Every structure is written in structure tokens, then in C-alpha cells.
Amino acid sequence: MNIRVRGVMIAVAALWLAATPAKGQAPSAGFPAYTPPRTADGKPNLNGIWQALTTANWDIQAHGAQPGPHPELMGAWGAGPGGQSIVEGGEIPYRPEALAKKKQNLETRMAAKVTNDPHRYDSGEPELQCYRPGVPRANYMPFPFQIFQTPGEILIVYEYKGASRTIYMDPHREPPTDSWMGWSNGHWEGDTLVVDVTGFNDHTWFDRAGNFHSDALHVVERYTPISPYHIKYEATIEDPNVFTRPWKISFPLYRRVEENVQLVEFNCVPFVEELMYGPVGLYKPPSR
Amino acid sequence: MRTRILAALGAVTIIMAVESMAPIPVAAQAVSGTKSFNPTVIDTEVAIKAAAEAAKTAAAATANWTPPRTAWGDPDLRGYWLSLSYTPLERPAELAGKPLYTEQEAFAAFRKAVETDAEVDPRTVHYDWKEYGMDAWQSPVRPNLRTSLIVDPPDGRIPALTPEAQKRQAAAAAAARARNPQTGVQTLGNLYTRCITGNQGPPRLPFNHDSESQILQTPGYVVMLMQANGDVRIIPLDGRPHLPQNVGQWLGDARGHWEGNTLVVETTNFHPERNWRGSTDGLKLIERFTLVDPKTIRYEFTVDDPTTWTRPWSAESPLPRIEPPLYEWACHEQNYGLMNVVKGAQAREAEARR
């Protein structure tokens, strides 16, 4: 997208947000005022292993429990838990044609087809195929992630797929091209880490329910520590190709406090080879 | 915003590097660490000599140099580092008994290697490495006096396989023949082309493309981020035990500590199917990272797997500093190359059967 056009849209979004009173379930409700510990350079210290405890990865909107797509094989293993919405106000402001596309995504989410061109992204839920989850989805997948905070850059490493993203604090950098995890520039507003994420491709989804975006996606994330063990996470999502207005999600992140807790590798590529390459005859199980 | 159509894995790496660098001079990343670089110079000898002189000047300037520390007192290895070398892993037979070149010989060997690297066969390759600033003499890699990266055993060669490992390899080769002519992702691809791991191990051996990396440090951790496949190694420094033995990981389970200015990393728990140079999940890797001047990490590793090699062996290679940043490497997401390679092989096999 043209940088200038994007700048105007960001300004419009900012105005809209400023005019909208914050509603919804602020995860900090009931928490006393908190001053987080500092890093060596005096910033709030977000280092640690964090994890969301929502069911948003199945559907970011409110949803009941559901059987899995292959109950005859997977039984209760494949079933999805019910859960409440992380979307402020509950509704995602889709354009009419985009809502139709969302419904189609849901219908074809198991239709992974692998081609040697970008048509491989036409259908099939990205997580099903072990693709990078994008932002904000990476933050509410049912896997922990670890924050490494330095003055110039903040690195987030996600257990899922070992995907990572660098948040450039100083200097900021322009996205050189589109990518799955987007391009993140950050700054501090008081004790809140604010991350501006652009440079997305249009291949990631928000959840398994088919909620999606275009390559005009622009996400502004806010990470606010509200206790030694909780971060209030908020994200504003803007994409004029798909939504009629910016909208907001929020949920808490919980610190993983187990002794010696660490990310354990979840490299899902070998888990999807048969699914993805089998139908086109590329898979021959090795004899073991 | 454009969608990138990347035709083959090989092309991916080149296109990524070139297009990603669009906002900055094309040569900036490749030549970082060597301010002497002049993109108008296309004479190999002139370029190498200028770089060698610059390296000597830099070395002289840092003769009484104290390695930097982080704000919390750890040796500071932070930055971006390249794993590339023109020194072979094993000492060539014709150099038996000669572990080190003279300076002049090293220069000549380097020149020969980089010129070979820059040569392009127009029947197979449709681009000129030099055009994109990607041939080696424009990189911060410098001539190396060693004739092999392996420093132990003293003959510079990988030790003999144990009888058990020989049996294992013979069985694997027989199984591969039995599968013929079937071809598939798992029989034709390797971990790199299948996008399961990148090209930087561990251990890290020089690779001729996309072997950039970043080291980050926070109190209690060192993180190593590889360009290839976006592999991340998180190395706790708090002395915690390894994961239980049954937890296998493609990149292993790393634990680090400081010995003076050297980061020592011990990695175990390798995935049973990883098969690094014929090794098993019993592989134990020790790596040592030392900043020897502002622009160079000395990287040493020792691998030990008693069921594979008759003795442990060690290698050493410099990692020159390069400019930031790294870019996303979504390998599996757009792994068209593997499909094309496999389809091509299947077509050839079908032809052979006709």
C-alpha cells in the first residue's frame, strides 16, 4: 500500500479510536495500580514466558463447544472448546462481501491444497498447514511465547512453529516486503509497549473459524503489565479492504511460572507433510 | 503491496536477499564489517587485497582491545554474524600433513575459491552472482590460514565410523535402494529442503547462502536467530538441567555458561530422525563463541557420539560481523521448490521406465 495513503488511514483510525470510549472486559478490571520492575535501560521489564488462556484460536468471537471435523477418527481429541469473545462488542465489522468470504473460509478450512504457486493459499486454514500464524493470532494460540527485551529490539519467540518476530524499538525500520508475521516497530507510552505492525501478506487468518484480513492489515498492539504475572494485551485491527471500521480485541497474558519452564520445540512441518503432499502423490513413507 | 511469487527454493533465497535489500544499497549487507568495500570495483584481486589490508589495519588497532560487556556484566556477543568460509571442512588429501597455509598460499587459495564461486554456468543459472553483490569476495569473509575447518583430529579429517554406524548406514542405503524408483518428499528431500531446519545445524558449518544470524542477549539468556528457516535457539544460562532424554528436538536442547569471555553451549536431546552426518540422538555438541575482535566471533565446536564416530572431533571457523537486520524466512509456507524437484524426479523416473 502506498505509504502516504496508509498514513492518512492511520490518522483516521487514531481519530476514530480517540472518539470511542473503551468498553468491553478490560482484563485489568479489579487490579490495583501496578508499577512494573525495570530493565537496565529503565523500561518496564516484559522478559519472560507468557501465554494466553483463551479459546480465541478456535474462534475469536463467542462460540460453543464443537465436535472436530473427523469425530469418527479423532473422537473428543478433535473437538473444540467453547469460549467467550475477545472482540470488543462481540461483532467484527465485516464489509458484506467480506462476511461472505469468511463463511466460505469456514466451509473450506480443511481443503488444504498444495500447488507450486500462490493458489495454495486459496483455501485451507493456515494453522492446519503449519503456516506462520501472523499477528495478533500468534499471541492467542494455545502455546507459550517468550519475550527477549533489549533497548534496540524486542524479540518474541513463539513455541508454535518456532515462529519469531522482532519489534524494532530504535531505530525503527520500514518493512522491505510483505511477510507472514508482519513488520513491527515499537515505542513506550508510559508503562505500555505499543507496537505498530504492518507489511502483512494476506495469507494468515485470525482463527480456525475463517476470520481473515487482506494485505492492507494494520495492527496496533498494546502490552501493559498489570501485575508481576499478567500483561493486559490489546490490539486494534484495521483493514479497509475487509472491515468497515477499526475494531479491537483484548485478553490477558499469563506468566508461565513453573520451575525451569522453557519453550519446547513445536516444529509442525513434519506433521503436515502427509496432509499437504500426499494428495499430489509426493509422499512415500520411508520404511523404518 | 505485492505478493511475491517465488518459483523455486534456490530462487527464493536470492530473490529474498535482493528484494529485501531494496531500500538500502545492494551491497550494504554483504560487505558490512569492511568499510573498504567499493561497489564499482569489479577486480577480484584488487578487492581482496583492499579487504586484507583493511583487516590488518583493524587487527592492529585492536591489539590491546578489551572485549565489551553488557550492562549486566556478561561478555557482549550481540550483533549479526555470518557463517561462511572457503576453507573445506576436511583437509584435502593433497594437503595431508599441512594444517596451515603460509599467508601467500592462503591468499591464493581464497582467490581461487571466490573466483570459482563467482563463476556462473549460463546453461543452469540465469543470473550473475556478482550482479547482486552476492559473490564471496564482496562479503566480509577473509582468507584463512587453516587448510581444514577440522582442527581435531590433527589430520583434519572426520574420524572413522564405528562398526555400529557403518552397519546403520549400510541398512539406510539398502532401504533407499528398496524404495527405488519411488520418489517423495521424505525420500528425496533433506531437512533443509523440507524446511524442517535451516542450514546452520547446530553445529554451524559455513553455508554459501543465507547463513546470516543474530545473537541477542538478555540477563540469563542468549538467543541465536538464524536467517535460514528462521531457526531460533534459546540458550538459558542459569545452570538448569536439560530436558528429559526422551524429549527430542530438531535443534536440540541448549544450555550455556560463560568461561571468561567465551560462551560455552552444550546441546543434547537431538531429534532421533535428525541424523546430522550420520549421528544419532546420542549426539552431544559443545560450542564455544568468543569475540576475538570487534568484527569477529571465533566459533569452535566439538561433536561426540560414541555410537557414530570412533572419537570426538572438533572444528573452528570465524563468524564475521555483518549489518542488520534479518528477514522472515517462511520456508515451508512457500516451499514450491521441493514440489518441483520431486515432480521433476518423478518425470525422469517415468521416462526411464518407458
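Student: What makes residues 1-39 of chain B a stretch to read with care in this predicted model?

Tutor: pLDDT is the predictor's confidence in each residue, from 0 to 100, and over residues 1-39 of chain B it stays under 50. The model still has 74 contacts beyond four places in sequence for them, a contact being two residues whose C-beta atoms, placed from the backbone, lie within 7 Å. Chain B averages a pLDDT of 82, with 78% of its residues at 70 or above. In this predicted model, local features need pLDDT of at least 70 and side-chain atom pairs count only at pLDDT 80 or more, while totals for chains, interfaces and linings use all residues. Residues are numbered from 1 along each chain as its sequence is written, and chains are lettered from A and ligands numbered from 1 in the order in which they are written.

Student: How do you know that β1 and β2 of chain A pair, and in which sense?

Tutor: Pairing asks for at least two DSSP bridges between two strands. Strand β1 (residues 48-52) and strand β2 (residues 145-149) share 3 bridges, so they qualify, in the antiparallel sense. Ile49(A) stands opposite Gln146(A) of β2(A).

Student: Which strands make up the closed barrel of chain A?

Tutor: The barrel runs β1-β2-β3-β4-β5-β6-β7-β8-β9, with mixed pairing. The twist averages 30° from one strand to the next, taken between N-to-C directions of lines fitted to C-alpha atoms, on a scale from 0 to 180 degrees.

Note on methods. Helices (H or I, at least four residues) and strands (E, at least two) are DSSP runs, numbered from the N terminus.
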